[in-house]
Amino acid sequence: MLGVWRAFVGGLRRTQCILPAMTSRLVVFAQYSLAALWLVAVASAQIPAGIPRALARRRAANISRLHYRLALTLQPRARQVPGTVEITFRLRHASATLLDYRDGRLQRLVVNGRRVAPKIVNGHLALAAALLRPGENTVRARFLSGMGPAGWPIVQYEDHADGSEYIYTLFVPMDASMVFPCFDQPDLKGRFQLALTAPAAWTLISNTAPRRRSPLANGAAKVVFGETRPLPTYLVAFAAGPFDKLERAGEPAVYFRKSQLALARRDVPELQRITARGMRFFSAYFAQPFPFPKYDIVLIPGMAYGGMEHAGATFLREEAVLFRTATTRDDILGRDILTLHELTHQWFGDLVTMRWFDDLWLKEGFAQFMAYRALAALRPRDQVWKRFYERIKPGAYGIDETPGTTPIYQNIGNLDIAKSAYGAIVYSKAPGVLKQLWYVLGDRNFRNGLRHYLRAHAYGNATWSDLVHALEQASGRRLGGWANAWIRKRGMPQVNVAWTCSAGKLARLTLLQRDVLHEGVVWPIATEILLDEPRGKPVRLRAEFSTSSAVVPQAAGLACPDWVFANDRDYAYGRFLLDRRSRRVVMRRLGTIADPFERSLLWGALWQSVEVAQLDPRRYIALAGRLAPQERDESILAGVLGRAALALHRYLSTAERRRLDAPLAALAAAEMRQAPRRDLRIVWFHGFRGLAENRASRVRLKQLLAGSLRLRGIRLRLLDRWRIVATLVALGDPEAGNLLAREKRRDHTSEGQKYAYMAAAARPVAAVKRWYFNDYLHNRRRPEDWVQTSLGAFNYWNQAALTRPYLRPALAALPQIEVQRKIFFLVAWLDAFIGGQHSRQADAIVHRYLARAQIAPDTRLKILQALDALDRTVRIRKKYAGGK
């Protein structure tokens with residue numbers, strides 16, 4: 001095909017020589033027609049959908065010095081965005097090249113001065129080799145792209161408090177090409193200059209500061225931003241609307257909806273302070289100044305993610321910063337971690353970008369680990385590494401023990417499945433594994449390796465092997481075996497401890513590991529073993545091994561311990577169960593252990609024993625009821641109450657649940673009023689709402705709503721109230737309908753409308769479930785965060801029989817969801833619909849679907865991940881609840 005095109009062009013050029021009188025208009029017409037013929041021919045050939053790795057590699061090898069001049073016009077209440085783009089780039093070879101653009105309308109295309117008939121095939125524009133040349137090339141395009149409240153990378157949000165409209169972008173992983181023609185892959189970094197035309201009253205924020213502002217007719221203005229440093233397309237962003245701003249010297253400017261000024265004044269200053277401190281910490285730790293000209297934070301209402309690290313302009317989910325619930329110290333630390341995570345990305349992800357999305361962990365895993373590393377230095381009194389264990393490890397273990405797990409390094413053959421790479425393996429396992437590596441190498445070697453990596457690849461791209469090489473250079477240790485096991489292999493070890501004593505002394509202590517997936521992997525493990533001696537200080541021993549079993553020689557001859565735990569301080573990654581003797585002693589003495597970190601680890605080990613059906617869930621619930629009132633660490637208390645509620649709702653028969661729930665709910669009702677500290681009372685309040693079931697509990701919830709029952713030092717906020725309403729609706733309280741209507745009249749905010757939608761989804765009525773399920777799948781105007789927020793209410797724990805008919809349709813809808821929804825939605829959908837079930841019948845429905853349906857491999861893995869919890873529920877109920 002390319003040879004035919006060249007013959008045509010050669011003939012045209014010869015004709016121009018023979019007939020010099022031919023008008024330029026005729027030549028242009030001929031060129032345009034021939035280009036159109038070429039594009040039609042290409043359209044019949046195999047132009048790939050998405051962006052396959054092979055295509056990306058070819059383009060990255062041939063394209064360099066990439067610049068974009070992008071202009072967009074934003075009109076209030078519009079559904080489309082007109083724009084133009086000029087792309088300049090160098091080619092090593094003048095070969096046919098695909099430019100990416102999909103789901104929009106291309107109105108004009110000019111390649112190196114030649115107008116070409118715009119033809120989009122499988123999301124690509126085919127640029128003929130004859131239109132291109134070695135060296136500099138220029139492509140100009142005019143286009144019309146979509147935007148809306150859901151399903152588009154340009155997202156609209158209406159603030160019902162004042163009628164204002166806000167617009168923002170989310171391009172990750174490959175949605176920039178839904179907005180403008182581009183080379184939409186992470187290793188083709190370009191310099192972008194953005195111009196936005198919008199209402200003059202709006203504030204416009206992008207990756208760089210505005211360079212020029214020009215007033216236009218009809219109350220509009222055009223703002224031209226400075227050119228960026230090299231960025232991949234997914235990091236280009238803007239936000240527009242009547243934003244207000246808080247700004248202080250030496251701290252990032254924070255933009256927010258003008259209707260949220262009071263909340264911003266309350267919550268934003270601390271966000272600014274910790275972000276500024278984090279910037280100083282990272283600049284010193286990485287020996288690399290902040291890599292971009294400015295840093296702003298934009299609070300985005302209804303954002304699908306917790307945050308997005310656009311270079312120079314991080315977007316944070318508004319609800320993660322401006323709290324709508326009564327807050328504890330743990331909530332503040334969670335917000336700190338979020339802003340430090342996104343700040344770390346300015347170095348890991350933005351300055352140095354993964355070459356391809358199979359190395360997504362290079363940015364997400366590091367950002368998560370370094371957020372905790374920074375916070376541990378910035379807030380040394382806050383037990384940050386304990387919080388790392390509580391917030392990071394359970395999510396990782398919960399996926400890594402399933403047949404749906406993946407390696408940290410995931411083989412992404414095409415960017416159209418890059419969404420599947422996001423999840424607990426990247427966000428939780430990767431930082432967990434990095435913590436072990438940090439422990440092995442030591443902080444100094446780890447830090448020096450990161451410094452070398454950032455210097456070597458600044459404003460470019462890198463792979464995981466580049467990072468491993470940098471750490472090897474800094475530490476002098478060979479890490480190939482470690483990387484192959486932990487990065488390339490899926491699953492995790494279960495580490496058991498075998499120990500014997502003789503004459504009051506330890507005779508032998510052995511660590512044994514096995515692959516939880518039975519795939520024969522043996523991991524290199526570094527850990528710290530805690531021996532609790534009956535009459536002395538606890539003894540801690542360091543152990544490193546890479547065999548299926550290892551004797552710990554330094555343990556021999558020590559005093560015989562009362563109990564042993566093989567992952568003290570949480571340095572290692574894996575399932576570390578207590579042996580039977582240790583578990584028995586720990587359950588008896590757990591309330592006497594003073595160290596909160598140690599206590600948290602042991603509570604976690606006991607819960608893992610419940611999940612592998614070694615410990616009766618009723619014994620865990622009884623232990624929670626006995627020890628929770630004396631617990632003074634809020635995050636431990638929250639975890640214990642949450643797991644007790646989960647055990648009640650999932651693992652017990654109805655009769656057993658009601659018998660055990662009533663006293664635990666009554667305890668929570670008492671403690672939320674009398675616990676000694678405000679933060680503890682808040683945790684007990686949340687725990688009470690989760691345990692509420694009987695009439696007495698529902699009466700107390702209604703008293704809290706009415707204000708006749710008050711909690712000392714606590715003022716219920718907007719989301720607290722709506723969660724109470726949703727609980728009463730789900731439990732079928734006779735007054736729930738009136739309370740829902742009353743709360744809707746009381747709260748006219750945009751958030752109130754979303755939470756009302758959420759609460760109504762909990763109604764235990766078949767017609768309501770039918771309406772909501774139809775709305776989820778067919779109402780393209782429904783904001784995605786409304787749907788995601790309501791999924792748990794739709795699938796409330798007491799409504800499994802009512803929602804079971806939607807399990808098979810929910811699975812059948814997965815292809816639609818993958819196309820229309822953002823990165824994390826599919827996992828939330830599966831966790832809600834599969835996780836909301838607990839019966840053998842529901843379990844069989846999912847297994848039949850997996851056996852019979854044609855399912856994309858990445859989707860099958862996500863289903864298996866969610867199904868594992870249901871399989872576990874069925875096993876535990878069979879053993880401890882008679883299968884009921």
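How many salt bridges does the structure hold? The structure holds 60 of them, a salt bridge being a side-chain nitrogen of Lys or Arg within 4 Å of a carboxyl oxygen of Asp or Glu. This is a predicted model, in which local features need pLDDT of at least 70 and side-chain atom pairs count only at pLDDT 80 or more, while totals for chains, interfaces and linings use all residues. Residues are numbered from 1 along each chain as its sequence is written, and side-chain values use heavy atoms, with hydrogens and water left out.

**Salt bridges**

- Arg257 forms a salt bridge with Glu318, with the closest N and O atoms 2.5 Å apart, and this pair links distant parts of the chain, since Arg257 lies in strand 17 (residues 253-257) and Glu318 in helix 5, 61 residues apart.
- Both Arg257 and Glu318 are buried, where buried means under 20% relative accessible area, exposed over 50%, and partly exposed in between (1.4 Å probe, protein chains only).
- Asp159, Arg257, Glu318, Arg324 and Glu751 are linked in a network of salt bridges.
- Arg721 pairs with Glu743 in a salt bridge whose closest N and O atoms are 2.7 Å apart, joining helix 20 (residues 718-730) to helix 21 (residues 736-746), and both residues are buried.

**Cavities**

- A search of the whole structure finds 6 cavities of 30 Å³ or more; on a 1 Å grid over the protein atoms alone, a cavity is a set of points where a 1.4 Å probe fits but cannot get out, and lining residues have an atom within 4 Å of a point.
- The largest cavity has a volume of about 70 Å³, a volume being the space filled by probe spheres set on the grid points, which are joined across faces, edges and corners.
- Helix 14 provides the largest share of the lining of the largest cavity, 4 residues, where helices (H or I, at least four residues) and strands (E, at least two) are DSSP runs numbered from the N terminus.
- The second largest cavity, of about 60 Å³, has among its lining residues Glu318, Arg324 and Glu751, which also belong to the salt-bridge network.
- The lining of the second largest cavity divides into 3 nonpolar, 2 polar and 6 charged residues, with Ala, Val, Leu, Ile, Met, Phe, Trp, Tyr, Cys and Pro counted as nonpolar, Asp, Glu, Lys and Arg as charged, and the others, Gly among them, as polar.

Note on methods
On a 1 Å grid over the protein atoms alone, a cavity is a set of points where a 1.4 Å probe fits but cannot get out, and a pocket is an open set with protein on both sides within 12 Å along at least five of seven lines; lining residues have an atom within 4 Å of a point.
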